[in-house]
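The entries follow the order in which I looked things up.

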Amino acid sequence: MIYLLIFGVVILYLLYQNHNVKITQYICANSSIGLNFDGYKIIQISDLHGDLPFDKLDRIERILENEKPDMVVITGDIIDNLHLKYWGKIMGFLDFIEKYNVYYVTGNHEYMHDECRNVILEIEKRKIKVLHGERVNITRAESIMFVYGIDDPYVFYGENIPAKYKTPHYEFIQKLSKIKVEKNRFSILLTHRPEFFEYYVESGFNLVLAGHAHGGQWIIPGLGGVIAPDQGLLPKYVKGKYIKKDTTMIVSRGLGNSVVPLRIFNEPEIVEIILKSAY
């Protein structure tokens with residue numbers, strides 16, 4: 001009886017943990033951030049994967065209404081290629097968030113199913129800017145910062161990526177190298193993939209926002225994430241903040257699941273970044 005009770009408690013805990021949405025806040029201070037952007041609030045949504053039981057979208061919408069962000073960014077995989085059963089709810093969510101200042105970059109799942117590609121078309125019908133390698137200028141009084149976005153590497157080859165290009169994805173790196181980062185201006189890169197951190201550092205972005213790794217799916221306390229797409233076992237970039245030179249990368253644990261339907265010690269999260277001028 002006691003073992004059955006323990007089993008039941010564990011199941012309830014896992015259900016709660018997998019469908020609770022946590023807000024994780026980070027402070028990003030940089031001397032390139034203009035004084036007029038001090039306190040600027042960015043909300044990052046990533047890897048929803050159309051995973052919507054227990055009114056998860058309603059909770060996300062309430063969080064946005066409470067936090068009142070200056071910008072919302074979506075770093076890919078809003079829908080899953082394995083199912084499209086929540087398509088209508090996803091479209092309703094896009095209708096809700098278009099009132100914010102929203103920027104979007106694609107993940108691999110936007111390209112892994114023929115119908116999933118329609119998501120991009122639906123997004124572009126709304127007041128949501130999908131970035132395909134271009135730059136957007138954000139201004140406040142005399143202060144300016146740049147937001148860049150790049151498509152997921154999957155768009156270039158799909159499942160037929162030539163073996164010699166798989167690590168790293170050749171076309172992705174080539175496209176990234178063509179983005180000219182203006183020095184002395186705070187620059188943000190929106191990308192789905194965290195595993196290219198060294199290339200983001202080399203390019204000179206100040207802040208990189210990524211997802212894709214699902215927090216390592218199962219987190220072993222004291223050790224970290226167990227597995228992540230395109231990084232394999234014991235992946236290096238799965239969640240939290242990574243800093244090298246003048247580049248900070250923040251990797252969201254994401255909100256949903258895909259092939260592996262269960263998270264362990266790895267609550268879904270919305271990331272909130274507060275910019276601080278380091279003058």
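**Entry 1: two helices.** I began with H3 and H4, which are roughly parallel to each other because an angle under 35 degrees counts as such. The model is a predicted one. I found that the axes of H3 and H4 cross at roughly 25° and come within 10 Å. I recorded the crossing of H3 and H4 as right-handed.

I then listed the residues that meet across this pair. From H3 they are Trp-87, Met-91 and Leu-94, and from H4 they are Asn-118, Val-119, Glu-122 and Ile-123.

**Entry 2: the buried face of H4.** Which residues of helix H4 (residues 117–124) are buried? I noted Val-119, Ile-120 and Ile-123. Viewed down the axis of H4, these buried residues fall within an arc of 100°, so they line one face of the helix. As a general point, an α-helix has 3.6 residues a turn, so residues three or four places apart point the same way. I looked up the partners next: the buried residues of H4 pack against helix H3 (87–97), S4 and S5.

**Entry 3: the sheet that holds S4 and S5.** I traced an open sheet of 6 strands with mixed pairing, in the order S1-S16-S2-S3-S4-S5. Its edge strands are S1 (22–30) and S5 (128–130), each of which pairs on one side only. Neighbouring strands of this sheet are turned by 25° against each other on average, direction ignored.

Helix H2 (residues 56–67) packs on the sheet, where it touches S1, S2 (41–45), S3 (71–75) and S16 (269–277). I noted that the direction of H2 makes about 175° with that of S2.

At the S5 end, I found that strand S4 (residues 102–105) pairs with S5 in the parallel sense over 3 bridges. Tyr-103 stands opposite Lys-129 in S5.

**Entry 4: a second sheet.** I traced another open sheet of 6 strands, again with mixed pairing, whose order is S6-S7-S8-S9-S15-S14. S6 (135–140) and S14 (240–244) stand at its edges with a single partner strand each, so one side of each is left without a neighbour in the sheet. The twist averages 20° from one strand to the next.

S6 and S7 run antiparallel and are joined by 6 bridges. Thr-139 stands opposite Ile-144 in S7.

**Entry 5: strand S8.** How many residues of strand S8 (residues 186–190) are buried? I counted 5 of the 5, so S8 is largely enclosed by the rest of the structure. Buried here means under 20% relative accessible area.

I then sorted the S8 residues by direction. Phe-186, Ile-188 and Leu-190 point one way, whereas Ser-187 and Leu-189 point the other way, and all are buried. In general, the side chains of a regular strand alternate between the two faces of the sheet.

Lastly, I checked the partners of S8. Strand S7 (residues 143–149) pairs with S8 in the parallel sense over 5 bridges, and the bridge partner of Tyr-148 in S8 is Leu-189. S8 also runs parallel to strand S9 (residues 207–210), to which 3 bridges join it. In S9, Val-208 is the bridge partner of Leu-189. I therefore recorded S8 as a strand with 5 of its 5 residues buried, paired with S7 and with S9.

Key: Residues are numbered from 1 along each chain as its sequence is written. This is a predicted model: local features need pLDDT of at least 70, side-chain atom pairs count only at pLDDT 80 or more; totals for chains, interfaces and linings use all residues. Side-chain values use heavy atoms; hydrogens and water are left out. Two strands pair if DSSP finds at least two bridges between them. Helices (H or I, at least four residues) and strands (E, at least two) are DSSP runs, numbered from the N terminus. Axes are lines fitted to C-alpha atoms, for helices over the stretch in contact, and angles run from 0 to 180 degrees between N-to-C directions. Contact means heavy atoms within 4.5 Å. Buried means under 20% relative accessible area, exposed over 50%, partly exposed in between (1.4 Å probe, protein chains only). The arc is that of the directions from the helix axis to the C-beta atoms. Angles under 35 degrees count as roughly parallel, over 145 as roughly antiparallel, 65 to 115 as roughly perpendicular and the rest as oblique. A crossing is left-handed if the near helix is turned anticlockwise from the far one by less than a right angle, and right-handed if clockwise.
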